[in-house]
There are 2 protein chains.
Amino acid sequence: MLSQTVEYALRAVVYLAGRSSTACTNGQIADATKVPAAYLSKVMQALHRGELVQAQRGVNGGFRLMKDPEQLTILEVVNAVEPIQRIRTCPLGLAAHGKRLCPLHKRVDDALATMEKAFGDTTLAEVLAEPTSSVPLCEFPRESSKRNRRADVRAAKR
Amino acid sequence: MLSQTVEYALRAVVYLAGRSSTACTNGQIADATKVPAAYLSKVMQALHRGELVQAQRGVNGGFRLMKDPEQLTILEVVNAVEPIQRIRTCPLGLAAHGKRLCPLHKRVDDALATMEKAFGDTTLAEVLAEPTSSVPLCEFPRESSKRNRRADVRAAKR
DNA sequence: GCAATAATGGATAACCTTATCCACTATTTA
DNA sequence: TAAATAGTGGATAAGGTTATCCATTATTGC
């Protein structure tokens, strides 16, 4: 239903949103989200072109979200890599009845609209704030509090 | 978002639902719905395997709906050719947290569920009964009542 | 039974999505 | 300035979807 590319983009952005204080390399994101690294780099490029993430080359570079998770919806992520194609004109190409959709396509488009709305109504912050995330599902390690950050540093030195 | 195959299947079924009294050949359906005939035949096979349509070979053969339009939902058509893939387990393949979806995938799946419900709630009869169908949108000529048949003939003569 | 009709199934091609690899460029640190 | 790091862009391959063609089989009407 949703393409792999969209799935990958969402994983990456959720990951970045959870660690918004530091830049994350393509490799880090790929490992954490289990996305093939070579392919992820293409997806990240798309997110960069869509101005959702900032890209920084060189040592200590990587990707960083350009928006607050509170301001960023799932829909924006989807649209950056593969916009939801609403049905705007009759797919049969009949110009005869102008912009009106036939009942079938109206229904289908309504369903798409519902989906689009659901995505547009959900911010990354909401996804991260979900109560169940106390058990870090899907292994997206969250940006750590001060207490945990020290542990991260220790881990990084290994 | 929805595949071409699903789009084609829906067109074909709507067409059949509108002419449920006679068997329609693959060629007729293809012409009316503007679907490539050779490909449509594959789609019709899928609908046949899914027991949505009855197939009859030979002279005066063709396809016929196996259910009343009142009893047949859009979802059944979709599922016959390309079932909506709900997210049932973590796509990252982490068995660690059992059947629970992480917040991200829960949201995405919820959106899919909404879509599935919208499709499941819409019968073919509803699509055909839509008030706007008085202007026959998308050129699906409806099975005409005696009264409208005359109008159709007049229209055809123009 | 013969001829016409129409679905069926298999092979194949065109195209798009997903995935991989690699040479190149930009940036940082020392 | 050198070396290491990390994103960029191009080429290419693998796989899936969409599309086409054709020989075969089943059915009907004569």
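A residue is taken as buried if 20 or more other C-beta atoms lie within 10 Å of its own, as exposed if 12 or fewer do, and as partly exposed in between, with C-beta atoms placed from the backbone. Lys34(B) has 15 C-beta neighbours inside 10 Å and therefore counts as partly exposed. The model is predicted: local features need pLDDT of at least 70 and side-chain atom pairs count only at pLDDT 80 or more, while totals for chains, interfaces and linings use all residues. Residues are numbered from 1 along each chain as its sequence is written, and chains are lettered from A and ligands numbered from 1 in the order in which they are written.

Most residues other than glycine have a negative phi. Lys34(B) is not a glycine, yet has a positive phi of about 60°. Lys34(B) sits in the loop between helix H2 (26-33) and H3 of chain B; helices (H or I, at least four residues) and strands (E, at least two) are DSSP runs, numbered from the N terminus. Asn60(A) also has a positive phi, near 65°, and is placed in the loop between S1 and S2 of chain A. Asn60(A) counts as exposed because it has 8 C-beta neighbours inside 10 Å.

**Hairpins**

In chain A, strand S1 (residues 53-56) pairs with S2(A) in the antiparallel sense over four bridges; pairing requires that DSSP finds at least two bridges between two strands. Val53(A) has Leu65(A) of S2(A) as its bridge partner. The two strands form a hairpin with five residues between them, and Gly58(A) in the turn has a positive phi of about 80°. In chain B, strand S1 (residues 53-56) and S2(B) are likewise antiparallel over four bridges, with Ala55(B) opposite Phe63(B). This hairpin has five residues between S1(B) and S2(B), and a positive phi of about 80° at Gly58(B) in the turn.

**Helix packing in chain B**

Axes are lines fitted to C-alpha atoms, for helices over the stretch in contact, and angles run from 0 to 180 degrees between N-to-C directions. Helix H1 (residues 4-18) and helix H3 (residues 37-49) of chain B pack at about 75°, with axes 10 Å apart. H1(B) is therefore roughly perpendicular to H3(B), a term for angles of 65 to 115 degrees. Contact means C-beta atoms, placed from the backbone, within 7 Å. H1(B) contributes Thr5(B), Tyr8(B), Ala9(B), Ala12(B) and Val13(B), and H3(B) contributes Leu40(B), Val43(B), Met44(B) and Leu47(B).

Helix H4 (residues 74-81) and helix H5 (residues 103-120) of chain B pack at about 115°, with axes 6 Å apart. Here Ile74(B), Leu75(B) and Val78(B) of H4(B) meet Glu116(B), Phe119(B) and Gly120(B) of H5(B).

**Surfaces near the DNA strands**

A residue is near a strand if its C-beta atom, placed from the backbone, lies within 6 Å of it. Around DNA strand D there are 25 residues, the closest being Asn26(A), Ala55(A), Ser3(B), Pro36(B) and Gly58(B). H3(A) gives the largest share of that surface, four residues. DNA strand C has 24 residues around it, with Ser3(A), Pro36(A), Gly58(A), Asn26(B) and Ala55(B) nearest. H3(B) gives the most there, with four residues.

Technical notes
Parallel < 35°, antiparallel > 145°, perpendicular 65-115°, else oblique. Contact = placed C-beta atoms within 7 Å.
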